[in-house]
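Please look over the sequence and the model before reading on. The paragraphs below walk through selected parts of the backbone and the helix packing.

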Amino acid sequence: MVLCGIAAHTEFIRCLKRRGFSTILVDYLEHPPAADAADLHIQESAFDLETVIRIARQHHAKFIAAPCIDQVNIIACKASEALGLSCLYSSEIALKVTDKYEMKKIMHRVGIPTARFARAREKGSLERDVGGFRYPLIVKPIDGFASAGVSKIDAPCELAQAFDCALAASSRGEVIAEEFLSGYELSVYAFISNGRARVVMGADRYTYISDAGIRCYATLAPSMIASRQIERIEGMVQDIADELAIRDSPFFIQFFHDGDSLWATEFAGRMGGGFSYFTTLRNTGFDLMNATIDAYLGIPPNVTVASSRNVSLIEILYSDYGVFDRLDGVKELIDEGVVDEFFLYKNSGDEITPEKPARARIATAVINGNDMEDVLKKAEVMMGRLEAYDVHGKEILLKDVYLKRSNAFCGTGNISHVAKA
């Protein structure tokens with residue numbers, strides 16, 4: 001049984017079916033992206049523990065999985081414990097790997113460099129606790145996901161509004177603030193098998209600030225900085241795995257870097273979201289999806305990683321707000337080999353609203369090439385020929401939001417990790 005029908009869970013469900021499992025998807029949406037892949041879609045909330053337990057018991061689930069979403073992973077672990085099913089780790093560990101304050105404490109305890117931080121339930125308490133911090137600050141819900149409720153602020157006068165925004169997105173009613181780290185962003189996909197941590201691949205991550213918060217718009221893999229510092233990063237993941245006594249699980253950790261030094265920001269005991277599965281498989285030969293299924297079944301995966309000279313670029317396409325109608329130019333770009341795959345998130349008639357950054361994502365494009373220059377040229381061609389329209393015929397694609405040569409990390413130098421679109 002899989003909780004939440006996000007696009008990244010589509011391939012997970014397909015992998016389960018190829019291994020002979022019947023699949024049930026629990027998602028309250030009428031048409032979530034992964035629904036068509038599942039044998040049965042039950043339209044109920046995956047965030048409701050009692051509902052998940054009832055459905056799992058009724059359908060005799062072998063295991064309950066939420067491999068790409070932090071908050072629903074807690075539900076999966078709690079339901080698995082209640083039903084005596086195997087899971088990646090206990091619900092207590094699941095809480096620790098989804099609570100951003102607990103993450104910070106763990107990183108500090110094991111000696112992993114990270115930014116100064118403070119948490120609070122009340123605005124006045126946070127204002128006092130960050131009194132000596134260096135601005136800018138990042139303010140976010142302690143248990144948020146998909147960048148909901150995340151703000152970057154430049155002065156104390158902006159803190160109150162950022163606190164309210166983060167608090168509204170927190171189910172636990174807590175907010176965390178941390179000093180902003182400038183530099184490039186790095187996502188690292190790893191796997192812990194039989195207690196041993198292995199880095200699978202790193203990807204450079206690119207974000208920008210919009211009126212709805214911080215949005216990721218591209219990832220480029222494999223990362224040169226991750227390749228150079230693989231032993232150091234692997235040691236950090238191992239320290240966290242030892243601290244939490246994680247035996248078999250995918251693992252995801254994010255950093256800022258300046259081309260040399262690394263500062264960790266967050267980690268999670270899950271797979272990376274989006275389409276990291278495709279890029280890791282293509283560039284390393286390691287099948288994260290099937291290894292994760294093995295881990296759910298209690299089988300320690302064999303983590304074998306091959307090096308690659310290929311490059312994969314994931315471009316996330318955003319639009320203005322409105323009612324989506326269509327995205328033109330997709331078929332031609334695939335036929336001509338400019339883009340390898342498109343994943344459309346919106347159906348005609350879907351409303352795009354500013355409440356959550358992820359809501360403005362209309363599609364993801366996967367671009368493969370021989371080197372960085374190759375994929376960046378293809379991305380430029382793609383954005384010149386794509387267009388999205390609302391139901392009134394208005395052009396709504398944010399055509400300037402894509403990875404350009406001027407923003408791409410090329411091995412040296414230091415820029416702000418947030419690019420203005």
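This is a predicted model: local features need pLDDT of at least 70, side-chain atom pairs count only at pLDDT 80 or more; totals for chains, interfaces and linings use all residues.

Residues are numbered from 1 along each chain as its sequence is written, and side-chain values use heavy atoms, with hydrogens and water left out.

Helices (H or I, at least four residues) and strands (E, at least two) are DSSP runs, numbered from the N terminus. Helix α3 covers residues 70-83, and its end C-alpha atoms lie 20 Å apart, which agrees with the 20 Å that 14 residues should span at 1.5 Å a residue. The expected span here is 1.5 Å times one less than the number of residues. Of the 14 residues of α3, 10 are buried, where buried means under 20% relative accessible area, exposed over 50%, and partly exposed in between (1.4 Å probe, protein chains only). Among the buried residues are Asp-70, Val-72, Ile-74, Ile-75 and Cys-77. The elements that cover them include β1 (2-3), α2 (49-58), α4 (91-96), β12 (262-268) and α11 (288-296). Just after α3, Gly-84 has a positive phi of about 70 degrees.

One of the covering elements, α2, packs on α3 at an angle of about 50 degrees, with the axes 9 Å apart. Axes are lines fitted to C-alpha atoms, for helices over the stretch in contact, and angles run from 0 to 180 degrees between N-to-C directions. The angle makes α2 oblique to α3, since angles under 35 degrees count as roughly parallel, over 145 as roughly antiparallel, 65 to 115 as roughly perpendicular and the rest as oblique. The crossing is right-handed; a crossing has this hand if the near helix is turned clockwise from the far one by less than a right angle, and is left-handed if anticlockwise. Contact means heavy atoms within 4.5 Å. On the α2 side it is made by Leu-49, Val-52, Ile-53, Ala-56 and Arg-57, and on the α3 side by Ile-75, Lys-78, Ala-79, Ala-82 and Leu-83. These residues divide into 8 nonpolar, no polar and 2 charged, with Ala, Val, Leu, Ile, Met, Phe, Trp, Tyr, Cys and Pro counted as nonpolar, Asp, Glu, Lys and Arg as charged, and the others, Gly among them, as polar. An α-helix has 3.6 residues a turn, so residues three or four places apart point the same way.

Helix α1 (residues 7-18) packs on α11 at about 65 degrees, with the axes 10 Å apart. That makes α1 roughly perpendicular to α11. Their crossing is right-handed. Ala-8, Glu-11, Phe-12, Cys-15 and Leu-16 of α1 meet Met-289, Asn-290, Thr-292, Ile-293 and Tyr-296 of α11. This contact has 7 nonpolar, 2 polar and 1 charged residues.

Most residues other than glycine have a negative phi, and most peptide bonds are trans. Where does the model depart from this? The Tyr-135 to Pro-136 bond is cis, with omega near 5 degrees, and Pro-136 sits in the loop between α6 (123-129) and β5 (137-141). Ala-221 and Pro-222 are also joined by a cis peptide bond, with omega about 0 degrees. Asn-194, in the loop between β8 (184-193) and β9 (196-210), has a positive phi of about 55 degrees and is partly exposed.
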